[in-house]
Amino acid sequence: MSNTIELAQTGKRDYLKSLEKKYQEEWEQAHIFETDAPAQEETAGLTPAEIHQRFPKWFGNFPYPYMNGSLHLGHAFTISKIEFAAGYHRLLGKRVLFPHGFHVTGMPIKASADKIIREMEMFGQDFEDFNTHEQDVDEEPAAGSNNLSAPRVDKGKKGKLTAKSTGYTYQFQIMESIGVPRSEIKKFADPYYWLTYFPPIAVEDHLALGTRIDWRRSFMTTPANPYYDSFVHWQMNKLHALGKIKFGERYTIYSPKDGQPCMDHDRADGEGIGPQEYTGIKMEVVEWSPAAHKVLENKLGGRKVFLVAATLRPETMYGQTNCFVGTAIKYGVFAANDKEAYVCTLRAARNMTFQGTFDVRGQVNQLAELEGTAIVGAKIKAPFSVYPQVYVLPMDNVLPTKGTGVVTSVPSDSPDDYATLMDLRKKAEYYKIDPVWAAFDPVPVLSTPAYGDMSAPALVKQLKIVSQKDVKQLAEAKELAYKEGFYNGTMLAGEFKGEPVQEAKNKVRASMIGRGVAFAYAEPEGLVISRSADECVVALMDQWYLDYGEPKWRSEAERLLARMNTYFAETRNGFEGTLAWLNQWACARTYGLGSVLPWDPQFLVESLSDSTIYMCYYTVAHLLHGSIDGKVRGKLDIGPEQMTDEIWEYVLVDGPWPNPSPLPKEKADALKHEYEYFYPFDVRSSGKDLINNHCPSRKWPLSMRANGHLLLNGQKMSKSKGNSLTLREGVEKFGADATRLALADAGDGIEDANFEEKNANANILRIHTLLTWCEVSPFGRVDEMTKDGAGLRTGPKDSTFYKDAMKYGFYELQSVRDWYREVTADIGMHVDLVKHWIRVAALLASPIAPHFAEHIWLSILHQPPHPTRTLADTFQSHRRTDDRRGRTVRDAELTLLKKLGKAKGGPPPFDPKKPRAVRVYVATRFPEWQDACVQAVQAAWSPEAGRVDDAKVRALLTERGLIKDKRAMPFVQLFKKRIADFGAESAFKRTLPFVETDVLREILPYLKRTLTLVDVEVLSVEEALAYAEAGKPGYSRTLIESSEPGSPAFELGT
């Protein structure tokens, strides 16, 4: 059942959509969003700073979307942050570059295409044999299964996976759900068909939304576009030559089903999860329990059997007193070779078989299965322990999803182990154990300043932990014990006695591995599911990787990040955290789509490594090719084979000009000119899952903006739950501008935002009503705004926070209009001011609602050019004038209304039961002391530096005897703010742009009506002072002299 709303009436929406279609066609025909760098002739002899001062630019971008489906509303939300900014910077007269590429590298498309092939084999070419009643498939492997490719989903993780799912079992069903006809689905068995199908749909959706994208610069990744392929080859070759790409054996997240590493973009679940390294402790079984012996008889083939425990603290192994297993867990006995077998979970065995632990890579030979209860009571060897042989005991908190399912016990330093051991000693009969098995006392292994020689008992006592069931307190105790032990601990036992734990840790591990009583073991930090529905493992592989953790490289990235604008502290923290953990990143794969690794063609460049500096490719794409696949040459007529590494080096990093050269130098210079003008880019907007870019320091991004995920009607979007909306569906349902306004109003911060369909629907009425209002009498039609049917009067003519922009520039601007209409109800609105308001409303709305603004501009104001084009002079001049005049008039009137509403302190100067009257005192000049302060600031103002010399101001005020006046310095600070807000010229011009007495007298009917006054008298300060000096009652000299231009004083009476 759908959770989205249905529209009852669509007449107004359809009218607005017809206008939107009209202007979108005009924009496309006029190519108004196609932006180029200034001609080389125009910039000859200028420095880069001079070029950007004379020809200001703005370049914004967002992560190019993956083309395995249509764009959804979440894409649109992230895109809108750049789209709205692009509209704003166009108003400021900048050359705005907003490009859009298409990402097709990686596994998802290839994996989906392979699924379709398998489903065609199952159900026929058009899936005609599919039986909807038999579609449920149980893919969970049976216990003891050797199927390493089968998905294994943990109960605790199912919720997240379900939330991400589509609700469909098969790929062809998913394709149908996104609008692909069943008869056409077979074409998607070719992964390259996806590349021709979805990008045009994305372009159409963007055009319908009215985005300001320069489509000439679009491209797709992989060899599908040979120009971009050459760019990736240059990038990888350069990093390889610099020693940034290395080859070696390392742990990586790996999909057995896909047969290759599974990086973040290849995952259905588990993004950001990496390998966790342990030490696998081999505890040889000396004597089995009767129950285990019965199960294992004649199944081991003469092999020695070891329980394998995974530990992060090998330095504590001297204090082992026992070993724990989970009584509810099923364990396997797995043949490592023909001499040894290991007891652990199947999950752990799957990891081990890809790490060289088992004889045959990728194969698990399970000899038997044991219940955890059957292992309890077995006698085992505890390597390095002061107790050579210990027993296996039960533990409630052993997890089958972490480690091997076997836990070695060191109760001196592990609060969990200590609490469990004490429980077992107290309730041996309850736990069905022989008390002798739990009789080994904790042994001091290391000493810490905070907790002494026995950290675990000390913390259990300190935190008042009663049993192993106190999970929350035990987690806190564990963290305290581990941190204190590692950072401040000193070894008390073993061959490294007396050494700091930090130094001894790896030495103990190496010693254990060297003696054959331990081995290196790793597993994913959490559940990772590939897009092929495979539970991933950690594999030890020879592979190519980017060494992001190299100290010098990381230090440079941290330095550049420190000067980059991230808008929110959370975004900066996210980047810093990424830099902290990002180390060796596998940059090659063997499956999927992608550019071939130039020096090792058996590998493909993985999907993030070909997407780190692609933003600079936008600057030259339109010159290289005229289609996204590069089959049409660009206007420079350069072939992809001519874009060699040497040419890219010359264009992007000032490399030497090659001799011989594959193309004329003037063509390469044209590419270089475009790149140098637009780079670095000004802002990149992305979702929370950010990855750092690496590029030359002088071209580092100027800013990175992250936004939260988009909710729909307050809930996560889910197609299976009927709560989803694609970009196309949103525009079709509400129209472009109503959708854009709702996106702007959804939220601006790093927290999740919310697209409310009710708000989008209300925007339809808002826009339609506003258009109708603007089309009335100022332009010759009947007007409800005028009084008594008469025409409007005439007179003399004299940061990326879009929710706030909506509030002030759209909603409150209309409130100001409504207030003005109410104030002038008795005299009528001024035609010039109404026209001016409409003009300002169109300009302010144009970044977010460009179709509405275009219609106002062209059809109502009859003023080309389009507000979607450059209107820098108009916009800037109106902004300066309106800020000063609008604030002064409104502030004066609002101050009066506020003061009339509530007198300050003391008894009221009139009888509240009698009708009220008020006298308003209007000043035409400022107090002399203020003029002296202004003159001092003006004398200390430096137009070249754009600032005030504070020392000079203080000297001048001292000279004029004002430095000790308590009013002077606060006034100077406020005046400096006025300079910053309105500009020096406007601030130093200390006259009002209107006659204050005239304005107040015109609104007297409004003041009387709204404040229930019987009389309002407006007097100049000079007139009022004359009455006061003449002794006329009711005139306070102090009150009269407090008046200032724009801030009149008042006196209440009856």
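I looked up Lys 57 and found it buried, at a relative accessible area of 11% (buried is under 20%, exposed over 50%, partly exposed in between, with a 1.4 Å probe and protein chains only). I note that this is a predicted model, in which local features need pLDDT of at least 70 and side-chain atom pairs count only at pLDDT 80 or more, while totals for chains, interfaces and linings use all residues. Residues are numbered from 1 along each chain as its sequence is written, and side-chain values use heavy atoms, with hydrogens and water left out.

I placed Lys 57 in strand β1, residues 57-61 (strands are DSSP runs of E, at least two residues, and helices are runs of H or I, at least four, numbered from the N terminus). Its side chain makes a polar contact with the side chain of Asp 682 at 2.8 Å (a pair of N or O atoms within 3.5 Å; within protein, one must be able to donate a hydrogen and the other to accept it, and residues adjacent in sequence count only if both atoms are side-chain atoms). Beyond four places in sequence, I listed the contacts of Lys 57, among them His 52, Lys 94, Tyr 677 and Pro 680 (contact means heavy atoms within 4.5 Å).

I then checked Pro 680 itself, which lies in the loop between α22 and β23 (683-686), and the peptide bond from Tyr 679 to Pro 680 is cis, with omega near 5 degrees. A cis peptide bond also joins Asn 659 and Pro 660, with omega about 5 degrees, and I located Pro 660 in the loop between α21 (645-653) and α22 (665-678).

Next I traced an open sheet of 4 strands, antiparallel in the order β4-β3-β19-β20 (two strands pair if DSSP finds at least two bridges between them). Its edge strands, β4 (260-261) and β20 (584-586), each pair on one side only. Between β3 (residues 245-255) and β4 I found 2 bridges, and Ser 255 stands opposite Gln 260.

For the largest nonpolar core I recorded 108 residues, and Ile 116, Phe 188, Trp 194, Phe 755 and Ile 856 touch the most other members (a core is a set of buried Ala, Val, Leu, Ile, Met, Phe, Trp, Tyr and Cys residues joined through side-chain atoms within 4.5 Å). Helix α4 (residues 73-91) gives this core its largest share, 9 residues.

Lastly I noted that Asn 298, a residue other than glycine, has a positive phi near 70 degrees, and that Asn 298 is exposed at 78% relative accessible area.
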